[in-house]
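Subject: Structure handover and notes

Dear colleague,

I am passing on the structure we spoke about, and my notes follow below it. Please read them with the model open beside you.

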Amino acid sequence: MSVPTDAELLALAAEAAAEVQRCRLMLVTAESCSGGWIAKTLTDLPGSSAWYDAGVVTYSYEAKEALLGVNPRTLEHAGAVSEETVLEMVSGALARFGAGVAVAVTGIAGPSGGMPDKPVGTVWIGWKRRGGYAHARLFHFPGDREAVRRQTVAAALIGLRKTLTE
């Protein structure tokens, strides 16, 4: 995936928003490494209040626990950047808000924070529809902090659209 421009991100947001509206759902986002960029891109669309419910940015373990219900044991054993954590984040977002679909992201955007088993650019993204099963995907995005974050937003939006059309 190449690093998307602002215009490309907005186009992806419009496509995802159209699917959310087609399904007559409300959307909630739970973000860590993207810092609210998914929410910002979606709410840049006029009329987003008709289908966008809420967004939560949780960087710390404590915030993930308090705001999204992530189990402290999950964070202790798997870490914040893990499949287990992103699945709990996306499920917690749906449990705490009235939305019908959610997307969650957690990762290492850099420039520091990477480890041999989780280098900079490691990102987990999860999606879930109310009443369905959460699913997640691991990404390894190249580039600097902004490039990683832009690619994260794009992948989250593409996955959201796919979640609603399958």
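For the helix pair that comes first, axes are lines fitted to C-alpha atoms over the stretch in contact, and angles run from 0 to 180 degrees between N-to-C directions. Please keep in mind throughout that this is a predicted model.

The packing of two helices

Two packed helices are described by the angle between their axes and the distance between the axes. Here, the axes of helix α1 (residues 6-22) and helix α6 (residues 145-165) come within 9 Å and cross at roughly 25°. Since angles under 35 degrees count as roughly parallel, α1 and α6 are therefore roughly parallel to each other, and the crossing in which α1 passes α6 is left-handed. On the α1 side the contact is made by Asp-6, Leu-9, Leu-12, Ala-13, Glu-15, Ala-16, Glu-19, Val-20 and Arg-22, which meet Arg-150, Val-153, Ala-154, Leu-157, Ile-158, Leu-160, Arg-161, Leu-164 and Thr-165 in α6. Sorted by class, this contact has 11 nonpolar, 1 polar and 6 charged residues.

Backbone points to check

Most residues other than glycine have a negative phi, and most peptide bonds are trans. The peptide bond from Gly-110 to Pro-111 is cis, with omega near 10°, and Pro-111 has its place in the loop between β3 (101-107) and β4 (122-129). Arg-24, a residue other than glycine, has a positive phi, near 55°; Arg-24 lies in the loop between α1 and β1 (27-31), and because its relative accessibility is 78%, Arg-24 counts as exposed.

Cysteines

The structure holds 0 disulfides. Cys-23 counts as buried because its relative accessibility is 18%, and Cys-33 is likewise buried, with a relative accessible area of 3%.

The surroundings of Tyr-61

Tyr-61 is found in helix α3 (residues 61-68) and, at 36% relative accessibility, counts as partly exposed. Leaving aside residues up to four places away in sequence, Tyr-61 touches Leu-75, Gly-79 and Ala-80. The C-alpha atoms of Tyr-61 and Asn-71, which are 10 residues apart along the chain, are separated by 9.5 Å.

Conventions:
Residues are numbered from 1 along each chain as its sequence is written. This is a predicted model: local features need pLDDT of at least 70, side-chain atom pairs count only at pLDDT 80 or more; totals for chains, interfaces and linings use all residues. Side-chain values use heavy atoms; hydrogens and water are left out. Helices (H or I, at least four residues) and strands (E, at least two) are DSSP runs, numbered from the N terminus. Angles under 35 degrees count as roughly parallel, over 145 as roughly antiparallel, 65 to 115 as roughly perpendicular and the rest as oblique. A crossing is left-handed if the near helix is turned anticlockwise from the far one by less than a right angle, and right-handed if clockwise. Contact means heavy atoms within 4.5 Å. Ala, Val, Leu, Ile, Met, Phe, Trp, Tyr, Cys and Pro count as nonpolar, Asp, Glu, Lys and Arg as charged, and the others, Gly among them, as polar. Buried means under 20% relative accessible area, exposed over 50%, partly exposed in between (1.4 Å probe, protein chains only). A disulfide is a pair of cysteine sulfur atoms within 2.5 Å.
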